[in-house]
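User: I have a structure to study and would like to go through it by question and answer. Please show it here.

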Amino acid sequence: MKAATVAYKPVGLVLGASSGMVAGAAFKQAWKIIEGEGDAPDAMDEDRTWKQILLAAAIQGAIFAVVKASVDRSGAVAIRRLTGAWPG
């Protein structure tokens with residue numbers, strides 16, 4: 001296994017956990033702006049419409065994907081700067 005890959009493993013775990021928290025907070029803020037409500041709908045929330053449920057799921061998925069890709073890429077760039085090799 002390359003040294004960069006080994007070095008990235010613990011960094012990736014920490015970044016993955018923190019990116020989930022950041023994405024969750026970003027989604028809550030985005031939902032407040034979009035719907036003006038505090039809580040995003042849950043799929044099992046019978047008081048919400050299909051439109052609200054699916055819109056919330058799509059926005060949440062997009063935010064999580066963008067945050068994860070940004071954090072993963074930043075971590076890989078940092079490891080390359082430290083070790084001189086791209087992890088992976």
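**Salt bridges**

Analyst: This is a predicted model. In it, Asp45 and Arg48 are joined by a salt bridge, with 3.5 Å between the closest N and O atoms.

User: Is Asp45 buried or exposed, or partly exposed?

Analyst: Asp45 is found in the loop between H1 and H2. Its relative accessibility is 27%. Buried would need under 20% and exposed over 50%, so Asp45 counts as partly exposed.

User: How many residues apart are Lys68 and Asp72, and in which helix do they lie?

Analyst: An α-helix has 3.6 residues a turn, so residues three or four places apart point the same way. Lys68 and Asp72 are about one turn of the helix apart. Lys68 is partly exposed at 48% relative accessible area, and Asp72 is partly exposed at 27%. The two are four residues apart, and both lie in helix H2.

**The loop**

User: What distance separates the C-alpha atoms of Asp42 and Ile53?

Analyst: Asp42 has its place in the loop between H1 and H2, and at 47% relative accessibility it is partly exposed. Ile53 is one of the buried residues in H2. Along the chain, Asp42 and Ile53 are 11 residues apart, and their C-alpha atoms are separated by 6.6 Å.

User: How far apart in space are Asp45 and Leu13, C-alpha to C-alpha?

Analyst: Asp45 belongs to the loop between H1 and H2. In sequence, Asp45 and Leu13 are 32 residues apart. In space, C-alpha to C-alpha, the value for Asp45 and Leu13 is 32 Å.

**The core and the aromatic pair**

User: Why is the pair of Phe27 and Trp31 called tilted, and what is the angle of its planes?

Analyst: The structure holds one aromatic pair. A pair of aromatic rings is described by the distance of the centres and the angle of the planes. The centres of the Phe27 and Trp31 rings are 6.3 Å apart. Planes under 30 degrees apart would count as stacked and over 60 as edge-to-face, so the pair is tilted, with its planes at 40°.

User: What is the relative accessibility of Trp31?

Analyst: Phe27 and Trp31 are four residues apart in helix H1, separated by about one helical turn. Phe27 counts as buried at 7% relative accessibility. Trp31 also counts as buried, and its value is 0%.

User: Which residues is Ser19 in contact with, leaving aside its neighbours within four places in sequence?

Analyst: Ser19 lies in helix H1 and is buried, with a relative accessible area of 8%. A polar atom of its side chain lies 2.9 Å from the backbone oxygen of Gly16. Beyond its neighbours within four places in sequence, Ser19 is in contact with Val67 and Val71.

User: How far does H2 reach from its first C-alpha to its last?

Analyst: H2 has 34 residues. At 1.5 Å a residue, 50 Å is expected. The reach of H2 in the model is close to that, at 49 Å.

Terms used: Residues numbered from 1 in each chain as written. Predicted model: local features only at pLDDT ≥ 70, side-chain atom pairs only at ≥ 80, totals over all residues. Heavy atoms only, no water. Buried < 20%, exposed > 50% of the residue type's maximum accessible area, 1.4 Å probe, protein only. Polar contact = N/O pair within 3.5 Å; in protein donor to acceptor, adjacent residues only side chain to side chain. Contact = heavy atoms within 4.5 Å. Phe/Tyr/Trp six-rings, centres within 6.5 Å; stacked < 30°, edge-to-face > 60°. Salt bridge = Lys/Arg side-chain N within 4 Å of Asp/Glu carboxyl O. Expected span 1.5 Å × (residues − 1).
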